[in-house]
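Subject: Structure for your review

Dear colleague,

Please find below the sequence and structure that I am handing over to you. My findings follow directly after it, arranged by region.

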Amino acid sequence: MAFTPVSTAQAIKAVLFDVFGTVVDWRTGVAAAVRRFAAEQGLELDAAAFADAWRSRYVPGMRRVSTGQRPFVALDVLHRENLDGVLADLGLDPGRFGPAALDELNRAWHFLPPWPDSVPGITALKREYIVGPLSNGNTSLLLDMAKAGGLPWDVILGSDVSRAYKPAIEAYLRPAAMLGLQPGEIMLAAAHEADLAAARQAGLAAAFISRPLEPGPGIPGAGVATKPWDLSVSSITELADLM
C-alpha cells in the first residue's frame with residue numbers, strides 16, 4: 001500500500017531524489033579527481049579544500065540563472081566556469097592547462113560515487129514507486145552517473161529538461177507535470193532542508209535523509225533535521241522500509 005503523508009493527504013506515486021550529497025558523495029568523488037589532476041599537472045593542491053571551494057560556487061552560479069541575470073545554461077557549463085574561478089583564486093591561470101585536461105576534471109561531477117545505501121534503497125523503493133532524480137544536474141550528467149554507479153532510475157529528467165534550477169518552483173512542478181502526477185503525489189527525498197522547504201511550498205511531500213559526512217568530517221550539526229518533515233531517516237534503505 002502506497003505511503004500517504006499527512007502534509008499532502010495524497011498517496012505517493014513517485015519518490016524523486018536530490019542527487020548531489022543525498023544520493024552520491026560529491027566531496028569524496030570530486031576530491032579524488034582533483035588529486036589525479038594535481039598529480040598529472042605536477043601541482044600541490046589540498047584536494048578536499050579544492051572540492052569545497054568548487055562546490056561553494058554552485059549556488060551563486062545557479063542563482064544568476066534563476067534571477068534572470070543570464071539565460072539558462074546546463075550545470076556542466078556552470079561547473080566548468082566555476083572551475084576556472086577556483087583555479088584563479090589559487091593564483092593558477094586556467095589558460096596554462098590544456099582545455100581537454102580541465103574538461104576531463106569537470107566531468108568528475110558525472111561519476112560521483114553513490115553512498116552505500118543508495119542503490120539498495122532506490123531498488124527497494126522502485127518496486128512500488130516511480131524513482132528518479134529531481135536534481136540541478138543536466139540529463140547527460142545524471143545519465144553518466146546512473147550508468148557508472150548502478151543507480152536504477154525509472155526516469156531521468158535533468159534541469160535542462162525543466163529549464164529551471166532549484167529552489168525555483170518550476171524545478172519541482174515541471175517534472176511532476178511531465179510524469180502526469182499531482183505535486184502531492186510526489187515525495188522529494190533530500191539531505192538539504194532548503195530543498196525540502198521549497199519542495200513543500202510547491203506542494204510536494206518531503207523526506208529528510210541524514211548525510212552527516214556530506215560537508216566533510218566533524219562539521220557540527222551536519223545531518224540533523226531541524227524541522228518536522230514527513231519522514232526523517234538515516235538512509236535511503238530506511239526510507240524504503242518506512243514506505
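Helices, in the naming used here, are DSSP runs of H or I with at least four residues, numbered from the N terminus. On that basis, R163 is placed in the loop between α8 and α9. Please note that this is a predicted model.

**Backbone points**

R163 has a positive phi of about 60 degrees, although this residue is not a glycine. With a relative accessible area of 49%, R163 is partly exposed, since that class lies between the buried limit of 20% and the exposed limit of 50%.

The loop between α8 (159–162) and α9 (170–178) also holds P167. The peptide bond leading from K166 to P167 is cis, and its omega is near 15 degrees.

A9 lies in the segment before β1. Its relative accessibility is 61%, so A9 counts as exposed.

**Helix α1 against helix α2**

The axes of α1 (residues 26–41) and α2 (residues 47–56) come within 8 Å of each other and cross at roughly 120 degrees. This angle makes α1 oblique to α2. The crossing in which α1 passes α2 is right-handed. By class, the contact of the two helices comprises nine nonpolar and four charged residues, with no polar ones. On the α1 side the residues are W26, R27, V30, A31, V34 and R35, and they meet A47, A48, F50, A51, D52, W54 and R55 in α2.

**Helix α4 against helix α5**

For α4 (residues 75–89) and α5 (residues 99–106), the axes come within 10 Å and cross at roughly 115 degrees. This crossing, too, is right-handed. The contact is formed by D76, H79, R80, L83, D84 and L87 from α4, which meet P99, L102, D103, L105 and N106 from α5. These residues divide into five nonpolar, two polar and four charged.

**Helix α6**

Which residues of helix α6 (residues 118–126) are buried? They are S118, G121, I122 and L125. These residues lie on the same side of α6, because they cover an arc of only 95 degrees around the axis. The partners against which the buried residues of α6 pack are β1 (14–17), β2 (130–133) and α11 (236–242).

**Residue A190**

A190 is found in strand β3 (residues 186–190). Is A190 buried or exposed? A190 is buried, as its relative accessible area is 0%. Leaving aside residues up to four places away in sequence, A190 touches D18, T22, D195, L196, A207, F208 and I209. A190 and A49 are 141 residues apart along the chain, and their C-alpha atoms are separated by 24 Å.

Yours sincerely

Terms used: Residues are numbered from 1 along each chain as its sequence is written. This is a predicted model: local features need pLDDT of at least 70, side-chain atom pairs count only at pLDDT 80 or more; totals for chains, interfaces and linings use all residues. Side-chain values use heavy atoms; hydrogens and water are left out. Buried means under 20% relative accessible area, exposed over 50%, partly exposed in between (1.4 Å probe, protein chains only). Helices (H or I, at least four residues) and strands (E, at least two) are DSSP runs, numbered from the N terminus. The arc is that of the directions from the helix axis to the C-beta atoms. Contact means heavy atoms within 4.5 Å. Axes are lines fitted to C-alpha atoms, for helices over the stretch in contact, and angles run from 0 to 180 degrees between N-to-C directions. Angles under 35 degrees count as roughly parallel, over 145 as roughly antiparallel, 65 to 115 as roughly perpendicular and the rest as oblique. A crossing is left-handed if the near helix is turned anticlockwise from the far one by less than a right angle, and right-handed if clockwise. Ala, Val, Leu, Ile, Met, Phe, Trp, Tyr, Cys and Pro count as nonpolar, Asp, Glu, Lys and Arg as charged, and the others, Gly among them, as polar.
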